[in-house]
Amino acid sequence: MELNFSPKFAQKIFEGEGGTYYSWSSTEYELLKEAKVGGGRLGLQPRGFAFPHYADSNKIGYVLQGSGGVVGMVYPKASQEVVLTLKAGDIIPVSSGVVSWWYNNGDSELVIVFLGETSKAYVLGEFTYFFLAGTLGILGGFSTAFNSRAYNLNTEEAENLAKRQTGVLIIKLAEGQKMPQPSKNSTDKMVYNIDAASPDFHVQNAGNLASLTEKKFPFIGEVGLSAILVKLEGNAMSSPTYAADSSVRVIYVAKGSGRIQIVGINGASVLDTELKAGHLCVVPRFFVASTIADGEGLEYLSMITATQPLFGEFTGETSVWGALSPQVLQASLNLTPEFEQVFRAKIKKSTILVPPQD
């Protein structure tokens with residue numbers, strides 16, 4: 001079967017007064033299924049509240065916009081929830097099976113994109129959610145008799161518990177309704193703002209690259225993932241790389257536009273297309289990918305299915321080309337000794353992020 005590598009926009013799954021939820025379908029984008037990764041995007045209006053739920057996949061949430069986000073998380077066997085605050089640029093790991101709820105305490109829309117791996121999911125390439133409350137909640141699935149026995153309620157109380165909430169996935173809370181206060185200490189341990197972090201690489205007129213691994217942020221090890229945020233200035237390039245540890249990359253375009261090329265097995269060009277804000281793109285294991293920004297610049301987050309990913313690079317001081325001996329490079333590329341020296345010198349002067357050509 002020939003796979004379609006073209007980037008895809010998410011499809012709207014739910015829309016209500018409190019907000020919307022979008023998802024990428026593994027039927028529409030079969031590469032998600034093959035790579036065992038998935039994505040979704042949550043948008044909450046002011047006072048929007050996403051019901052408590054858990055999912056079948058490990059993922060990270062990246063806050064695209066908003067400053068008044070609040071998330072509550074309940075871990076198995078925990079006696080109380082942990083409440084955290086979220087703002088644009090934050091990354092929060094969310095483990096499978098952990099109950100979470102999401103609330104917008106700000107005065108503008110809160111938007112969060114979720115990227116994760118789906119190797120143990122019910123539907124490969126997609127997140128499946130289990131809601132505790134609302135018309136899709138687990139309470140409504142049990143009979144009144146079972147709920148009555150489980151929670152020590154009479155019949156009327158059990159029916160009221162299961163049926164009183166008529167909302168579906170997301171609702172808008174009444175003005176003035178109080179929600180729990182976030183904990184700063186817990187937020188510092190469980191949330192990382194990658195926008196504010198010092199970049200791993202900064203190249204003048206090219207942009208920044210910031211990585212987030214278990215070494216920098218131990219809590220992300222809970223989900224077995226990592227992330228890289230690339231901000232390219234106008235017409236700059238992120239040079240070709242591949243994941244040498246067999247991990248998969250999932251790219252979400254947060255801002256701007258540009259172009260991506262991916263080269264796969266037997267040197268085949270599997271993708272050469274435009275990237276636009278809102279696109280999701282998958283780079284399979286060992287495939288080589290490179291991006292170039294349009295004039296307005298390009299910003300994207302890559303989720304990687306490893307806590308300490310290892311990348312092979314073709315430019316810069318750690319270039320594969322530069323590491324090869326002169327004799328091997330000449331024989332492999334059929335180069336003259338003179339041109340091999342020119343090529344090697346240019347490689348050593350190059351960088352992962354490449355400024356626009358003069």
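**Contacts, salt bridges and surface features of the chain**

Leaving aside residues up to four places away in sequence, threonine 20 touches Phe14, Glu15, Arg41, Leu42, Gly43 and Ile170, where a contact means heavy atoms within 4.5 Å. The model is predicted, so local features need pLDDT of at least 70 and side-chain atom pairs count only at pLDDT 80 or more, while totals for chains, interfaces and linings use all residues. Residues are numbered from 1 along each chain as its sequence is written, and side-chain values use heavy atoms, with hydrogens and water left out.

Threonine 20 sits in strand β2 (residues 19-23); helices (H or I, at least four residues) and strands (E, at least two) are DSSP runs, numbered from the N terminus. With a relative accessible area of 11%, threonine 20 is buried; buried means under 20% relative accessible area, exposed over 50%, and partly exposed in between (1.4 Å probe, protein chains only). One of its contact partners, arginine 41, is 21 residues away from threonine 20 in sequence and 8.3 Å away in space, C-alpha to C-alpha.

Turning to the whole chain, seven helices and 23 strands are found. The C-alpha trace spans about 90 × 40 × 35 Å along its principal axes. Of the 358 residues in the chain, 48% are buried. Among contacts with a separation of 6 or more, 74% come from residues 24 or more positions apart. The accessible surface of the chain is about 17,900 Å², and carbon and sulfur atoms account for 51% of that area; accessible areas come from the Shrake-Rupley method with a 1.4 Å probe, and for residues only the protein chains shown count as cover.

Glu340, Arg344 and Ile347 are the buried residues of α7. In the loop between α6 and α7 comes asparagine 334, which has a positive phi of about 55 degrees although it is not a glycine. Asparagine 334 is exposed, with a relative accessible area of 70%.

A positive phi is also found at arginine 47, another residue other than glycine, with a value near 70 degrees. Arginine 47 belongs to the loop between β3 (37-44) and β4 (48-55) and is partly exposed at a relative accessible area of 26%.

Side chains of opposite charge can pair when their charged atoms come close. A search of the whole structure gives seven salt bridges, each defined as a side-chain nitrogen of Lys or Arg within 4 Å of a carboxyl oxygen of Asp or Glu. One of them joins lysine 216 and aspartate 200 at 2.8 Å, N to O. Lysine 216 is in the loop between β15 (207-212) and β16 (226-232) and aspartate 200 in the loop between β13 (192-193) and β14 (201-203), so this pair ties together parts that are 16 residues apart in sequence. Lysine 216 is partly exposed at 36% relative accessibility, and aspartate 200 is partly exposed at 36%.

Arginine 259 and aspartate 272 also meet in a salt bridge, at 2.8 Å from N to O. This pair links distant parts of the chain, 13 residues apart, with arginine 259 in strand β18 (residues 249-263) and aspartate 272 in strand β19 (residues 269-276). Arginine 259 is partly exposed at 38% relative accessibility, as is aspartate 272 at 40%. In the salt bridge between aspartate 90 and lysine 87, the closest N and O atoms are 3.8 Å apart. Here aspartate 90 is buried, with a relative accessible area of 2%, whereas lysine 87 is partly exposed at 43%.

Finally, Ile138, Phe142 and Phe146 make a nonpolar surface patch of about 320 Å². Patches are made of residues with over 30% relative accessible area and no salt bridge, with like charges joined within 9 Å and nonpolar side chains (Val, Leu, Ile, Met, Phe, Trp, Tyr) within 5 Å. Isoleucine 138 lies in the loop between β11 (129-131) and α2 (144-151) and counts as partly exposed at 36% relative accessibility.
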